Amino acid sequence: MTTRFQHGILFTDQYQLTMSQVYYRLGLHERPALFDHYFRSYPNYGAHAAGYAVAAGMQPLLEWMDTARFGEGEIAALSAMKGRTGQALFSSDFLGWLRKYGDLRNVTIRAIPEGRVVHHTVPMTIVEGPLVLAQILETPLLNMLNFSTLIATKAARVRESAGDGLFLEFGMRRAQGWGANLATRAALIGGADSSSNVGAALDMGVQPSGTHAHSLVQTAMALGMGELGAFEAYAEAYPDDTLLLVDTINTLESGVPNAIKVFEKLRRQGHKPVGIRLDSGDLAYLSIQAAKMLNTAGFPDVSIVLSNNLDELVIWQILTQIRAEAPRYGLEADAVIKRLVFGVGTHLVTSWGEPALGGVYKLVSLFDRDTWKPAIKLSENPQKTPTPGRKAAWRVYDSRGRASADVLTLDDEHPQQSEALSLYHPTDSSKQRTLTPADHTIEALYATVLDSGRRVVDVPDLAELRERRVRDLARLDPGVLRLVNPHIYHVSLSQRLWELKQNLIKEMRKG
């Protein structure tokens, strides 16, 4: 079985191709079209939910677009497809057009930059290009941006929960195939300090992290060396990078005492041990007891790495328990917490509890007779009725410098120049308010990242992507950042855009 078509332009859904042939037959295939990509609701993990998201995935998408095109192999594969009666599914003239024009060089993308905070119903990405090519792009765009944004959001929540503690992504073994690489990249953008995924970490300019698994201790025990022998062998190989997994037998009765023996030997040799890892049991209690034992042995600064199904809520619970229990054992809670490192795996790379971001890709405008015509679809659920037209997005900051709303306007509006700005709820006509732009700071959110297939911005490094996230989160109200029951962040439409949407809805219902 080969994989030659899985990573090219046929990384799309079949209906994108069948629709494209219909556009071709109608003579619409080269008609300029505008699509919005946005998500309808934040990730909800069941016991807790997000009040924001973090944009990610644009760079992998652009790299895919650089080489995605209909070559001879793709054309041959499509020409071999048959309909139910055995006739060719795709006509030779349509395939000929794809052979000649079937790449993404005429596509333009505007987007809220990677690493920035994004909110529900505000288009993260706007795609403009020939109708057929913009349509075919839907599936790969949603695949890469939705997943990356989902994982970056989860990582940002873990980062906020972990505070200043080191946060490592450990999830490659539990990730969905090659999606592990997208997950690692997104996790690093979202706040992970490093990853066990060697290739993806190196591609992002990060030193990978990792120590050893239980199998090292099991191997040593099977050969008669015992747990202590396994630790000694590891320390001999990595005397300045010794971090030992201590729960293979019994954490407090065997693992930590044996680790201390190895640490004492390393100290005598002039080396400084790194720490221990706890991968099972009551991690809060074990952290306190291990810290007490390490302190008594003269190792108050070595790290205690925690792993085993951690997520933002579990980390919060562990820290809460340590703050309550550490003083009972004569320890300062902050001193224990300061030495903790969090290895987060399965629950991060799978976005445990919310496995998919509900991102959609909707046609909102079509060029016709020298003008852009807004497009809309109706739904019995108002949340599923997209906002039509060519739009701009703005973030409004109040006098405290806090982000108070994202506002969508028509692309020729300039809200910062208005004396008064009327804001309308996207779906509830009873909710509206007016603000004075002079009392607020208003920031344009979109940047052009691809102009007719040409990159127009430099590729940001990881530090810049992280800084964007840190800056945006610092300007959110604490209520929006809450792990449980976050405050609702306001998304609004300008009056002109609201009226356009309502008029189109009325016209559609009449028609």
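Modeller: Happy to! Let me start with handedness: a crossing counts as right-handed if the near helix is turned clockwise from the far one by less than a right angle, and as left-handed if the turn is anticlockwise. Please keep in mind that this is a predicted model. Two packed helices are described by the angle between their axes and the distance between the axes.

With that in hand, take helix H2 (residues 58-67) and helix H6 (residues 138-162), which pack at about 150° with axes 8 Å apart. Because angles over 145 degrees count as roughly antiparallel, H2 is roughly antiparallel to H6. The crossing of H2 past H6 is right-handed. On the H2 side the contact uses Met58, Pro60, Leu61 and Trp64, and these meet Pro140, Leu141, Met144 and Leu145 of H6. By class, the residues of this H2 and H6 contact are eight nonpolar, with no polar and no charged ones.

Next come helix H9 (residues 214-222) and helix H10 (residues 226-237), whose axes come within 8 Å and cross at roughly 120°. That angle makes H9 and H10 oblique to each other. Their crossing is right-handed. Leu216, Val217, Ala220 and Met221 are the H9 residues here, and they meet Gly226, Glu227, Ala230, Phe231 and Tyr234 in H10. Sorted by class, the contact of H9 with H10 has seven nonpolar residues, one polar and one charged.

The pair of helix H1 (residues 14-25) and helix H4 (residues 92-101) packs at an angle of about 100°, and the axes lie 10 Å apart. Since angles of 65 to 115 degrees count as roughly perpendicular, H1 and H4 are roughly perpendicular to each other. Leu17, Ser20, Gln21 and Tyr24 of H1 make this contact with Asp93, Phe94 and Trp97 of H4. The residues of the H1 and H4 contact divide into four nonpolar, two polar and one charged.

Rolling a probe the size of a water molecule over the atoms shows where empty space is left. In this structure there is one cavity of 30 Å³ or more, and the largest cavity holds about 30 Å³ of space. Its lining consists of Val117, His119, Arg395, Tyr397, Ala403, Asp472, Arg475 and Leu476. By class, the lining of the largest cavity has four nonpolar residues, one polar and three charged.

Terms used: Residues are numbered from 1 along each chain as its sequence is written. This is a predicted model: local features need pLDDT of at least 70, side-chain atom pairs count only at pLDDT 80 or more; totals for chains, interfaces and linings use all residues. Side-chain values use heavy atoms; hydrogens and water are left out. Axes are lines fitted to C-alpha atoms, for helices over the stretch in contact, and angles run from 0 to 180 degrees between N-to-C directions. Helices (H or I, at least four residues) and strands (E, at least two) are DSSP runs, numbered from the N terminus. Angles under 35 degrees count as roughly parallel, over 145 as roughly antiparallel, 65 to 115 as roughly perpendicular and the rest as oblique. Contact means heavy atoms within 4.5 Å. Ala, Val, Leu, Ile, Met, Phe, Trp, Tyr, Cys and Pro count as nonpolar, Asp, Glu, Lys and Arg as charged, and the others, Gly among them, as polar. On a 1 Å grid over the protein atoms alone, a cavity is a set of points where a 1.4 Å probe fits but cannot get out, and a pocket is an open set with protein on both sides within 12 Å along at least five of seven lines; lining residues have an atom within 4 Å of a point. Grid points are joined across faces, edges and corners, and a volume is the space filled by probe spheres set on the points.
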